[in-house]
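Welcome, and thank you for taking a look at this structure. Please keep the sequence and the 3D view open while you read, and we will walk through them together.

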Amino acid sequence: MPDESILSDGFVRELMTVGDVDIVVGVPTYNDARSVGQVVQAVRAGLLKHFPRERSVIINADGGSRDGTQDLVRAAAISDLSVASDVHALRTLHSISTQYEGGPANGIAIHTILAATDLLQARTCAIVSPESTTLEPEWMERLLRPVLRDGNDLVLPIYRRPKFDGLLIRNLVFPMANVLYGCSVREPYPSDFAFSGELGSQFLGQDIWNQEQGRRGTELWMTLWAALGKRKLVQSFLGAKTRREDAPSDLVAAMRETAGTLFTSLDAYTSVWHSTPEAIETPCIGCEPAISDGPSRLNRKRLYDMFTFGVKELDPVFLSILTTPTHDELKRLAGVPEEKFSFSGELWARTVYEFAIAFHKAVIGRDHIVQALVPLFRGRAHTFLTQNRDASVEEMDRNLESLCKAFEQEKPHLIDLWDGGK
Amino acid sequence: MAAQDGLWYKDAVIYQVHVRAFYDSSGDGNGDFRGLAQKLDYLQELGVNTIWLMPFFPSPLRDDGYDIADYRTVNPTYGTLDDFKAFLEAAHQRGIRVIIEMVLNHTSDQHPWFQESRSSRSNPRRDWYVWSDTDTKYKGTRLIFLDTELSNWAWDPVSKQYYWHRFFSHQPDLNYDNPQVREEMWDIMKFWLQMGVDAFRLDAVPYLVEREGTNCENLPETHEVIKDLRARMDREFPGRMLLAEANQWPADLRAYFGNGDEFNMAFHFPLMPRMFMGLKLEDRKPITEILKQTPEIPENCQWCLFLRNHDELTLEMVTDMERDYMYDEYAKDKAMRLNLGIRRRLAPLLDNDRRRIELMNGLLMSLPGTPIIYYGDEIGMGDNVNLGDRHGVRTPMQWEGGWNGGFSPADPETLYSPLMLNPVYGFQAINVQSQKRFEHSLLSWMKRLIRVRKATPVLGRGSIQFLYPANHRVLAYFRKLGNETILAVNNLSSKAQAVELDLKEYRGSILVEMFGRNIFPRIGDLPYLLTLGPYQFFWFRLRRI
Amino acid sequence: MWQNFIGELARTMNDIVQSFARFLPRVLEMLLLVVVGWIIAYVLRAIVKSVLRIARFDKWSEHTGAAQVLRRSALPSPTEMLSRFVFWVAWLGFILVGISVLPVPWLGPHISNFFGFIPRLVVAFFILFFGLLAASFFSRAVLLGGVNADLPSPRLISQTLRTMMILFVISMAFEVVGIGSHTVLIAFALAFGALMLGLALAFGLGGKDLARKYLERRFARQDFPEQGSKEREDELSPL
């Protein structure tokens, strides 16, 4: 049963007027007035072009914006009440918005959208990021058709991304998900994705909404849950994805959403990763090269400096998290000059696993454990950039495979520590 | 007939009937005027107060009578002119007015005029039709009968010239640039008006006049012709009515009302497919949008509304996307599609769903305009797509479950058209006699609906004001006339709906449901909550006590 | 005369024996209380030890840093220390009750004071324990936050914060217990005030460039477009 109490009375009334639909497009927002208007217009154009006969609604779950975000979303509605424009639509398109409590938190927004999708008995739901300014109308077709017409449960995106985008995904999330769960999707933490109404209702019934995974990292949790639950997953190539120029990257928040979620998942899926998991099939629709070449303006020296600084300053914290050999090796690495610096895949894998164990045992506050991983990740990012600076797309893929192999090699270490501590 | 009312057509409930299809008194397999006269009691009991007769003139019947070979008499198959007069008299005695067809645009190629015109280029009637040496004149003019005609010009082997025809090639267009043609057509109309006919439905009016460099539709000269006819009619026969058949967008239709000095009524063609579309989409948007685009018309004019008629359900006045949608939803079998339309009756279009049939009739009777009921739709007759052209919706009227459905005493093989026989729509299942016996039959319900409609002048003469509740599946509007206000609320959806209506303007009024006359809660400050079952509709009278 | 002396002596001896006879049962009562008290204190110690083990008190003490301090001083674990403390307090209590049985009037008020002191001691202990826990947590949070925000000297800030919090907690504990409370509190206030003044001077004069850079990095990009930022570096794009 969906938790209707997260839906305000006003929003329930709006849902009542929308009635049952075929398609829900959910947009979680927080102060996204700069980009959401463009995104929502592209969504609308996509729905009108590719699904003109389907009953659709755009649902915005907002975390308390003060910049007019909600009004921009509502303006996308098409009804007989609005003044005639050059938009011609066969049927009414509702575009409604609600503010959820406890925000901003993407997980709560997704919870709200899932509850609404369930109440409206939608056949499919797509979630799009309000920052996806490269979103084209065709994305709607590529996300929704595999569910609506081909009967898939979850559609994950593949983007054409700049070479050094998504470093945390490529160095942490992808290898861990691949090795421990057999899940080799390119974007395990999607910002634009789609799922069937049935899958959404089942996910809604999961007991995660009062926990951390219900607030952040929910998309990653959903991917893992669906993959391990043997649902029908596909990946659909969408197009280019570029980050907003002015968006600051909050590495700590990103680490919480990814590492925090992954570490938590180890408890839930112990039996899966303890054995050798089956590779999960995720065919790709319309695939094109997913990495676009191009120079990087990332400051590698800064990454190195922050790594060495972090190792030095957080020494007492690392002592309580890491085993002595790993701790010593990191200390040694922090003393290596930048030209010779190389944070190997094996050491990185071992470090990540030991952090996972510390998280599992809660040797110190779990959030502190996740935060402590950030400077170490910077070191790993430095090595990644060095390795792949002049690498072709194929070489980058091979490097990624090597990293996965390193995670595979260190897996017995994870299992030993996990079982030894129990 | 009682004194002619000025605007009687605003209060009319029209019944469209084909003489040939209604009742055969002579036993020759075709309906006739004597038979029709015998069924006037049925029509009076149904509650209609106007009959629109489809063409009954002598004709080779290659276009079901719209190819006329003689304008001043009756096709012998249907009886004599005296039979017609007797029928007219009997109708008037029952307070029923009669509208007849007047096909101005073209005649049959069997009409003596055309026979003379084509006989030689110097014949006095040569100029009564539109002739040309080439078939390149008036290029760009669209084809109307797309499925059968390839050109608007046909070669006449007799006079070795092309003649212009907007419809079938056996229906040559008359030349309205010739004053003699205009005089003759007026004369013909006068002939019938003197007999007592109350109104004419002028068929295919947009195409009367052609001009090079135009699309040959809705030209100013065409309007002049009509205005002239109307002026003469008003002068010599006040209180009669002209009804335009012009399948055009509302803005183009507006011109046919002139300043109240052209047509009295015109069919609102674009609304009709949108009612069906709104029903399938479960969304009022197509309906409200077309009515928003509908211009105001002069006080003495009226729209004519209909659900179905003798032609295909026309999809000319919709976009390509809308047409594809309608085809996919209502005419999955390609055999049902004809000439940018769908050749099906009302009940089969609505899957024989009693609730939907009631809802559509409720809309027909409450939207602004004069409603027309196509014969047989009041009992839910079906169609036979296999009969070719549009004959599938013109099958014999089903009166009873016995011999020939009570239509004719003749042998079934001699009937002008086969009867409907299948277990769902066949005459044993659907007929007047069985439905008359039951209070809850469709026929009984239609009688009640018409009775309420006739008792409510607001519905015929009032203005319309749409409410736009947030629930797009509900179509709600006020009809107002003077102090009288009616609220119509229609659920276009197959599922129960709740709707909140902003009725603040009428705070304090009590809603009285018009069929059962029960009172509903008084309107207060809060939005008025109504719940409706699938396809349900309410008519409320707003009362202040 | 000699008989008077003997008689007096006999009377005095009799008095002493009588006093002794009156006093001895009380002593026996006292000894009994002491023995029973020892048994009860021992049982209490065992119960407290078990409860603390189940509550993983040692682990929590690791978080406060107290366990490390004890280890370095070659003292037993916090659980052991606390259970022993409970034992001694309980037994001391019974001993005092036993002494109160003896007819020594001037001891009474001191014994009452002791029993009045115990609840405050317990409260002070809780304040100390949770205060140390909080100090440890917040100082670590500040350390991690400082490192990830690339602030200079995060460890110094963290340690300073930890020290200030510990001093604050100790002064609160002393105040509750009532030992030199004003002195400690004033000392804490002076130290804290001095630290704040020092920081204000440091930031205001010495660290203003750093503060500006930090604030710009954190907030200015969103509000004021940077001028001449052609050669700006990219930020790491983790997701």
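**A guided walk through the model**

Helices (H or I, at least four residues) and strands (E, at least two) are DSSP runs, numbered from the N terminus. Over residues 222-232 of chain C the pLDDT is below 50, and this stretch has three contacts in the model beyond near neighbours in sequence. Two residues are in contact if their C-beta atoms, placed from the backbone, lie within 7 Å. Taken as a whole, chain C has a mean pLDDT of 79, with 85% of its residues at 70 or more.

A word on how to read the rest. This is a predicted model, in which local features need pLDDT of at least 70 and side-chain atom pairs count only at pLDDT 80 or more, while totals for chains, interfaces and linings use all residues. Residues are numbered from 1 along each chain as its sequence is written, and chains are lettered from A and ligands numbered from 1 in the order in which they are written. The model scores ipTM 0.80 and pTM 0.82.

Staying with chain C, find G131(C), which has its place in helix α5 (residues 108-148) of chain C. With 18 C-beta neighbours inside 10 Å, G131(C) counts as partly exposed. The rule is that a residue is buried if 20 or more other C-beta atoms lie within 10 Å of its own, exposed if 12 or fewer, and partly exposed in between, with C-beta atoms placed from the backbone. Leaving aside residues up to four places away in sequence, G131(C) touches M165(C), V169(C) and M172(C). L167(C) is 36 residues from G131(C) in sequence, and their C-alpha atoms are 9.8 Å apart in space.

Now turn to chain A, which has 16 helices and nine strands. A compact globule of 422 residues would have a radius of gyration near 22 Å, and chain A agrees with its 22 Å. That radius is taken over C-alpha atoms, and the globule rule is 2.2 Å times the number of residues to the power 0.38. The C-alpha trace of chain A spans about 70 × 45 × 40 Å along its principal axes. Of its 422 residues, 50% count as buried. Among the contacts in chain A with a separation of 6 or more, 86% come from residues 24 or more positions apart.

Chain A is divided into domain 1 (4-292) and domain 2 (300-421), with bounds that come from an automatic or database domain assignment. Taken over C-alpha atoms, the centres of these two domains of chain A are 30 Å apart. Where they meet, 22 residues of domain 1 of chain A are in contact with 22 residues of domain 2 of chain A. On the domain 1 side, α6 (167-181) and α9 (251-268) of chain A are the elements that give two or more residues. That side has 15 nonpolar, four polar and three charged residues. In this scheme Ala, Val, Leu, Ile, Met, Phe, Trp, Tyr, Cys and Pro count as nonpolar, Asp, Glu, Lys and Arg as charged, and the others, Gly among them, as polar.

Chain B comes next. Its domain assignment gives domain 1 (8-104 + 179-454), domain 2 (112-164) and domain 3 (463-543). The C-alpha centres of domain 1 and domain 3 of chain B lie 30 Å apart, and their contact takes 17 residues from domain 1 and 18 residues from domain 3. On the domain 1 side of this contact, α13(B) gives the most, with six residues.

Chain B also has an open, antiparallel sheet of three strands in the order β4-β6-β5. β4 (131-132) and β5 (153-156) of chain B stand at the edges with a single partner strand each, so one side of each is left without a neighbour in the sheet. Strands pair if DSSP finds at least two bridges between them.

Finally, how do the chains meet? Chains A and C share the most contacts of the two pairs of chains in contact. The contact between chains B and A takes 16 residues from chain B and 12 residues from chain A. Chain B and chain C do not touch, and their nearest C-alpha atoms are 38 Å apart.

Methods. pLDDT = per-residue confidence, 0-100.
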